[in-house]
Every structure is written in structure tokens, then in C-alpha cells.
Amino acid sequence: MATNKEIKFSDDALALIEKIIKRYPEGKHKSAILPILHIAQAEFDGWLSPEVMDYVASVLKIQPIEVYEVATFYTMFNLKPVGKCLIEVCHTGPCWLMGAEDVVRYIEKKLGIKNGETTADGMFTLKTVECLASCGTAPMMQIGETYHENLTLEKVDTILEEHRNAGVRRTHWEKEKIKS
Amino acid sequence: MGRQLLLDNLDKPGINTLNGYQETGGYESLRKALQMKPEDIVAEVQKSGLRGRGGAGFPTGMKWSFLAKPPGEPRYLICNADESEPGTFKDRYLMQRKPHILIEGMIISSFALGANTSFIYIRGEMMYVYHILQKAIDEAYAAGYLGKNILGSGFDLDLHVHCGAGAYICGEETALLESLEGKRGNPRIKPPFPAVKGLWGCPTVVNNVETIAAVVPIIRITGEEYAKIGIGKSTGTKLISASGHINKPGVYEIELGVPVEEFIYSEQYCGGIRNGKKLKAVVAGGSSVPVLPAELILKTANGEPRLMTYESLAEGGFATGTMLGSGGFIVMDEDTSVVKNVWNFSRFYHHESCGQCSPCREGTGWMYKILSRLLDGKGETKDIDLLWDIQRKIEGKTICPFGDAAAWPVAAAIRHFRSEFEQYIKNGKSDVKHYYRINNLQEI
Ligand SMILES: Cc1cc2nc3c(=O)[nH]c(=O)nc-3n(C[C@H](O)[C@H](O)[C@H](O)COP(=O)(O)O)c2cc1C
Ligand code: SF4
Ligand code: FES
């Protein structure tokens, strides 16, 4: 899935990044790194390759190591390719009490992958995550920016089917929200 | 249901927009506040008795009065919207449903503190709420509530929303500041405290979403009126996130002082334990606070009814009490394995440790490994003492309170449910259910 395309932000992304950098005082532009890395994941196939990180460093005019340090600390940054649809199932206490283990097991079986793996067609990656502040509507999972709550296995079926049919890549900072 | 100061009008269509919010009296507190002197707003918040809603319960007015004001240096107000403490989901609920109450609270509080640039730091997973807040901020700029010379007062404020990227530790205020500066979220050694050296080395106040939102009704009804709600030093209303084996999980705004028993069993709140089961245990204030068995959460060791206040929940110290914390109220029914629950939490803390201090980095891993061994039926009796020893050696010996937060759940589980640990060791696994199923599912 490695990209041979030229690594360059779209014009919309560049305009948004410029706007974001202006939020921070003169000389404190490094603060924009987390939002920009989210935008980079949206623009470059859902993950941060070393080339993408180097490119972000050049856009932000900081050293590549400063980007690597940050990218490796935060769990939302994928340092390996992921499927178009990253399924993040919450498995922390309150969700566990409501059957999160079943959700994980069910998706593993349905897609024939283990937690952390990607389906052969590159459509789905399964990942367990920690509490997403949705414990009152447990069990739950996130795909892209969307929270899917009060899950049942039937709901999981429907959601995955819809994504398979749509076939579009989902990211936390959704691509269509890069405009403005 | 008691007074609703934060969650009122939630069902009104359009309450998430500027117009809808204004139709319910939104931004009236701001108009009132801009007529006041900043120090009078601080005094009003002091009078209200409001305590930080992020978990530590530190008096907000006092925190504000500590803010250093060196001439010529900017000051910052940061709203902590990282909400990652397992069991806590009130901030997300409030921001999603009524974003303008947070925006209005931020403007009033920034005015009170003399901050001209403020940030809301929201966890990256809640990206859709980030966009909701950005839209609300745009509306507030267009209406003249943000920007230069707000409502002709001469006060200027720029408010920005900033997203994190997945790290529980970034809820700790100094880790949050590091993260906002574009770095890894490693907590700072204190002192200096943020009130003196915070964001980019400037004096900074960090407050939770609910704390800042509460400033809006405090200005509206006055600090004195606010302080009349609640009991003793637990004034006002509090958002409780109720989850687990109850009939009606959700976010409830309570007047502090509601009896725990009423909160769990009354139809107004949790509606009792689901499927007619019995209550086994409660984690009352988010995953970091000690778990209590049913008898101790309903009544204190002295037999007094336990109340939803900072003081009553803490009564008896850690021997028989717990903490209100962030108000993440996790309820477990009679079939729950407390050992497995604490194993789950220990995995969380191991995963989330920032790794700066050895007791936390190593200790959380050891606790997770030992608890995993116990669950696998390979535990030995001495493991219980070993667990106890490890958590003791983390508590109080780390840079930030995360270490305590990781230690306390393990300590409390052993303290109150030792026999369950022994059962796992004796029987290989406990005879209580190992995990919960959704939907009465039979087989996968
Ligand atoms: C590990 C850890 C995680 C925390 N997470 C949060 C959080 O998600 N939200 C929050 O408001 N406070 C959190 N806090 C507390 C903050 O450090 C800080 O005390 C709080 O934001 C202050 O606001 P308040 O006085 O309004 O409560 C956390 C503290 C620790 C030690
Ligand atoms: S206690 Fe844990 S989370 Fe806090 S600074 Fe130390 S290692 Fe990091
Ligand atoms: S435990 Fe899953 S959302 Fe909180």
C-alpha cells in the first residue's frame, strides 16, 4: 500500500494548515503538529510513513525527529498501513462489562483476522482501543469520526456491510472536513 | 430531579446552535459578566464554592486567585476536554449537545483571568466534537462574542480548539501543556505550577469542561445562590456519568448530596440493577478511584447513608471509602468478576503510562502480568502480597498522580475482594462469570 505518488498536501489541506498554524503565537508553530498529523493521515492513505513524516516536518519547518517523537507517542497515529476502514473497538472496563469481548471476537471471526490485523483485500483493520468516553452506550466502536454505540452483533453486521459497499477510506479527521 | 443548571433545555431543538442557545437565555451571563470587574467574577466563583470537576475537586476560585500576573506577559486559560478517565463521558455529552455553554464559560472565565488567547484541548478521538466546537466558535465570532472589543467592553479574546491524538496522560494538566506545545505528553515536575509557568512558560489556568461551563449559571444566579445547592463543601450540581449494569445508563445532573442508594435505584437516575440482579460493587469516580463493595458504597462504615458528595464518598479514607473523582459511576452486578475488572484496568494503566518514572512504567506492567497470570489460573498465594507490594511502591513515588491512579484500583480490589483473588488461585478461575455477553448471545 506504500504510495509512489508524490507526497504533497492538497490545496485545501495547505490552506487549512496555514489557518491552524496562525492560532499559535509567532514562533510557536510546532503546536500545530497534532492537527497536521491528523490531516496527513486523512490525505495520505490513513497512516504516517517515514516519507510523510519528513514531509510534515518540512511543511512545519521543524526537524524530522520532532515529528517522529510525537508520532510514536500518540496511539491515533498509524505507523503501518491500515485498511480503508479502521475498526476501533473499545475494550476498557465499562465496555467490557457490557460485552466488548464479544464484539471483538465476533469481528475477528467474521473478517477472519486477529486484533491488529488487516483483511487481505485491504478493506478492514481491527484494533482495540481504550475508553472513548462513551461508556453509557456500551459496547461501542469507532470508525472514522463516527461513534457506533449500543452495539449488537446485528448492528456490527450492518455497519461493516455499509462500509464494504461504500469502499471509501475513513479517517478521524474525515477527508471532506479538510475544506474550510 | 434536582436543579438542572447545565443540562437544562437539552431537548430544545436547535440548542446546539447559537440561536437556539440564545433563545434559552444563552450569552446573558456573558453580558452580565462584562459589566463586572474581573476580580468580582473571581470573587463570585469563590463564593459559589465550585470545585474542579476534572477529578481532583480543587476549589476553582482559589485556583484562579493563584494565577500569577507579571506585567507584560500573556496569561492563558486552557479547557481540559481530554476526557479519557474510563467511565467518564459527561464532557463529551455536554459539548456535543450544548457547545455554546462551554464557549460562553470560556469567554467569561478568560475575561475574569485576563487571558486574551484561550484554548480548548479536546482528545483526538472526539474529532466530530472538535468540529462541533469549531462551528460554535465560528458562530460566536460572527455574533461579536469573540474577537476584538467583545460587545463594546474593550476586552479581546481569541478562542481556539486544539485536538489531541490518543493518550490518556494528556488529561494530566502539565502533560496537556506539553502536548499543546507540540511535544510528547510527558508530565512536568511541579513546581513550578502552571499558575506560574504553564503554556510556553506563561501563567496558565487549566480547568475541566464542566468546571468552566458551571461558571455560566454561577454568574446568572450568583455565587451565593449556587452555594445553597448541595451540602457543606460540596456545592452546586455535578454531572455523573453512569455506566455498567444499570437499567438507565447515561449522564445525570445531580444536586450534590443525593444519597447513593437513591442514585442507583430511583427511576429518576439509574433505575436499579438490570435483569433484577443484585448490586456487587461500584467504582464511583472513574477507574482511578477505589472500588467499593455494595455494603460500603450504600452506607459508610458507621452505618450512615453514603451521599454523592466529595466528603461523604471519601468518609472512612481508603480503608472503607472512595472518592467522587470525575463522577464516572461504574456499577457492577453480582455476576461480575472484580479480579477481571481490575485486570482490565491494569492493562489500561500499563498501556497509558508515559514511561518517565520507573515505578509507574515497570510497576504497571508487573501488575498487569501478575493479574494476567492469576486469570489464567496460574497464580500463587504469594502473588496477592506481591501485587500489594508493587502498588505500594508506585503510590506517591512518581512525577504525576497517574501512578496513584494505577495503584489505587489494585489496592482496593485486594482490600475488599481478597477472597475472590484466592478463589482464582485455588480454582484456576473464579466461579463468577468471566466476561459479559451482549444481547443474551449464545454462541459466536
Ligand atoms: C492521569 C490523569 C488524567 C487526567 N485526566 C483528566 C481529564 O481527562 N480531564 C480533566 O478535566 N482533568 C483530568 N485530570 C486532572 C487535571 O490534571 C487537572 O487537575 C484538571 O484538568 C483541573 O481542572 P479542574 O480543576 O477544573 O478539575 C487528569 C489527571 C491525571 C493525573
Ligand atoms: S507517573 Fe506514570 S504517567 Fe505520570 S509521569 Fe510518571 S511514568 Fe508518566
Ligand atoms: S469503556 Fe468503552 S467507552 Fe468508556
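Tutor: A friendly start with one term: rings of Phe, Tyr and Trp (its six-membered ring) pair if their centres lie within 6.5 Å, with planes under 30 degrees apart counted as stacked, over 60 as edge-to-face and the rest as tilted. This is a predicted model, where local features need pLDDT of at least 70 and side-chain atom pairs count only at pLDDT 80 or more. Residues are numbered from 1 along each chain as its sequence is written, and side-chain values use heavy atoms.

Student: How many aromatic pairs does a search of the whole structure find?

Tutor: The search runs over all chains. Its count of aromatic pairs is 25.

Student: Thanks! Why is the pair of B:Y168 and B:F348 edge-to-face?

Tutor: The ring centres of B:Y168 and B:F348 are 4.9 Å apart. Their planes meet at 65°, so the pair is edge-to-face.

Student: Are B:Y168 and B:F348 buried or exposed?

Tutor: The term buried means under 20% relative accessible area, and exposed means over 50%, with partly exposed in between (1.4 Å probe, protein chains only). By that rule both B:Y168 and B:F348 are buried.

Student: Which residue of chain A forms a salt bridge with B:R92?

Tutor: A salt bridge is a side-chain nitrogen of Lys or Arg within 4 Å of a carboxyl oxygen of Asp or Glu. Two are counted between chain A and chain B. For B:R92, the closest N and O atoms are 3.1 Å apart, and the partner is A:E149.

Student: Which ring does B:R51 lie over?

Tutor: A charge sits over a ring if NZ of Lys or CZ of Arg is within 6 Å of the ring centre and within 35 degrees of the ring normal. B:R51 is at 4.0 Å from the ring centre, over the face of B:Y310.

Notes
Chains are lettered from A and ligands numbered from 1 in the order in which they are written.
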